[in-house]
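Trainee: Please take me through this model feature by feature, giving the general idea before the particular case.

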Amino acid sequence: MTYEPSCPVPFSAYEHVTLAHGGGGRVMQRLIEELFLRSFGTHAASAHDAAALSLSGVPMVTTDAFTVRPLFFPGGDIGSLAVHGTINDLSVGGAAPRYLTASFILEEGLPLVTLARIVRSMAAAAEASGVRVVAGDTKVVERGKGDGVFITTTGIGERLAETGPARIRPGDAILVSGPVGDHGTAVMLAREGLEVPPGLVSDAAPLWPTISALMSAGEIHCMRDATRGGVATVVAELARATGLGARLDEEAIPVRPEVSDACELLGLDPLYVACEGRFVAFVPEAALPRALDALRAFDAQAALIGQVREAHPGVVTIRGPLGGERVLDIPNGEQLPRIC
């Protein structure tokens with residue numbers, strides 16, 4: 001697929017990133033002014049070393065780093081992923097995302113047209129999410145030492161609800177906001193050069209609209225986005241952190257047939273495969289009907305997948321289709337590397 005930028009790439013006479021693009025001179029200044037500032041809507045005259053922010057509520061901050069192969073995958077790319085992944089960490093913390101900072105580590109030799117595509121995708125994702133990119137930095141490393149591009153983002157938001165592991169209680173319903181495993185499966189198939197089934201794309205998307213509606217529907221005790229390690233790892237981590245047990249129903253967890261088939265081919269368990277636009281929520285049993293209605297207004301496959309219990313502290317079990325139970329634990333290694 002050839003990307004045609006909306007305007008020429010006038011950063012310099014070069015077609016690829018060079019060490020001069022990180023050297024602080026005119027070549028670097030043109031890159032910053034004519035790509036980054038223009039794409040993110042920042043006027044050069046107001047570009048200081050630090051940004052002034054306006055927040056009316058309690059500030060929340062998170063930071064994340066992104067490295068993914070391939071840089072472009074079905075349903076997204078490293079640029080949009082860097083935006084969604086960071087603002088989603090704020091969202092599941094009960095904070096409305098407001099601002100982002102971005103740091104780019106570029107590898108010498110990266111085509112400038114590729115960089116332009118990534119930056120403009122990132123800018124579009126931020127604009128669509130109502131988030132401003134207010135500060136940034138660019139560094140260049142020697143050829144062969146950077147995997148193309150790495151992006152580190154910091155997100156700042158305003159806390160609108162207090163949630164967290166300490167609020168989880170026995171009897172809480174465990175919900176998932178939609179089908180799981182789409183992101184990791186789509187990325188892995190694309191990376192290995194395997195055919196990606198029609199309709200299977202990364203689920204990477206901003207969670208704040210869904211979470212905002214869920215918060216309006218009633219009380220929420222805790223939320224986590226199911227990124228690295230997937231749904232199984234999220235629930236297992238929270239069980240360990242709280243000293244409570246949990247029981248999941250495997251048949252209730254939504255998995256698309258194409259994801260299930262691809263995971264069988266790759267030898268993966270979809271419950272441990274990363275998502276980038278799904279989250280797990282723990283809500284009081286009394287709030288369950290309203291919470292499910294709120295989630296299903298955004299995704300009809302949102303589901304009740306289990307319950308928190310006092311039995312078997314720190315242990316998560318899952319009931320299979322035939323009624324047997326097994327323990328879900330945190331994996332010892334990285335089952336699906338470099339997906340976010």
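Trainee: Which residue in β6 is the bridge partner of A102?

Mentor: Helices (H or I, at least four residues) and strands (E, at least two) are DSSP runs, numbered from the N terminus, and two strands pair if DSSP finds at least two bridges between them. In β6 the partner of A102 is T153, and the pairing of β4 with β6 is antiparallel, with eleven bridges. Please keep in mind that this is a predicted model, in which local features need pLDDT of at least 70 and side-chain atom pairs count only at pLDDT 80 or more, whereas totals for chains, interfaces and linings use all residues. Residues are numbered from 1 along each chain as its sequence is written, and side-chain values use heavy atoms, with hydrogens and water left out.

Trainee: In what order do the strands of that open sheet lie?

Mentor: The order is β1-β6-β4-β5, four strands with mixed pairing; at its edges stand β1 (58–66) and β5, each of which pairs on one side only. Direction ignored, neighbouring strands are turned by 15° against each other on average, where axes are lines fitted to C-alpha atoms (for helices, over the stretch in contact) and angles run from 0 to 180 degrees between N-to-C directions. Helix α2 lies across β1, β4 and β6, and runs at about 145° to β1.

Trainee: Is T62 buried or exposed, and which residues does T62 touch?

Mentor: Burial is read from relative accessible area: under 20% is buried, over 50% is exposed and anything in between is partly exposed (1.4 Å probe, protein chains only). T62, in strand β1, has 18% relative accessibility and therefore counts as buried. Contact means heavy atoms within 4.5 Å, and once residues up to four places away in sequence are set aside, T62 touches T86, D89, L90, T153, T154 and G155. T153 among these is the residue that bridges to A102.

Trainee: How should I read the packing of α1 and α3?

Mentor: Helix α1 (residues 26–40) packs against helix α3 (residues 112–128) at about 25°, the axes being 8 Å apart, so the two are roughly parallel. The contact involves L31, L35, F36, S39 and F40 of α1, together with L112, L115, A116, V119, R120, M122 and A123 of α3. Those residues divide into ten nonpolar, one polar and one charged, with Ala, Val, Leu, Ile, Met, Phe, Trp, Tyr, Cys and Pro taken as nonpolar, Asp, Glu, Lys and Arg as charged, and the others, Gly among them, as polar.

Trainee: Which strands stand at the edges of the open sheet of seven strands?

Mentor: That sheet has the order β8-β10-β7-β11-β9-β12-β13, with mixed pairing. Its edges are β8 (222–225) and β13 (325–328), and each has a single partner strand, so one side of each lacks a neighbour in the sheet. Within the sheet, β7 (residues 173–176) and β11 (residues 303–309) run antiparallel and are joined by four bridges, with L175 opposite L304 in β11. Strands β12 and β13 also pair in the antiparallel sense, over four bridges, and form a hairpin with five residues between them, where G323 in the turn has a positive phi of about 95°.

Trainee: How does the length of α6 compare with what its residues should span?

Mentor: The expected span is 1.5 Å times one less than the number of residues; for the 13 residues of α6 this should be 18 Å, and the end C-alpha atoms lie 19 Å apart, which agrees. Among the buried residues of α6 are V231, V234, V235 and L238, and just after the helix G243 takes a positive phi of about 75°.

Trainee: And what covers the buried residues of α5?

Mentor: The buried residues of α5 are W208, T210, I211, L214, M215 and A217, and their cover includes α2 (78–92), β4 (95–107), β8, β10 and α8 (288–296). Helix α5 (residues 208–217) itself lies across β8 and β10 (279–283), at about 5° to β10.

Terms used:
Parallel < 35°, antiparallel > 145°, perpendicular 65-115°, else oblique.
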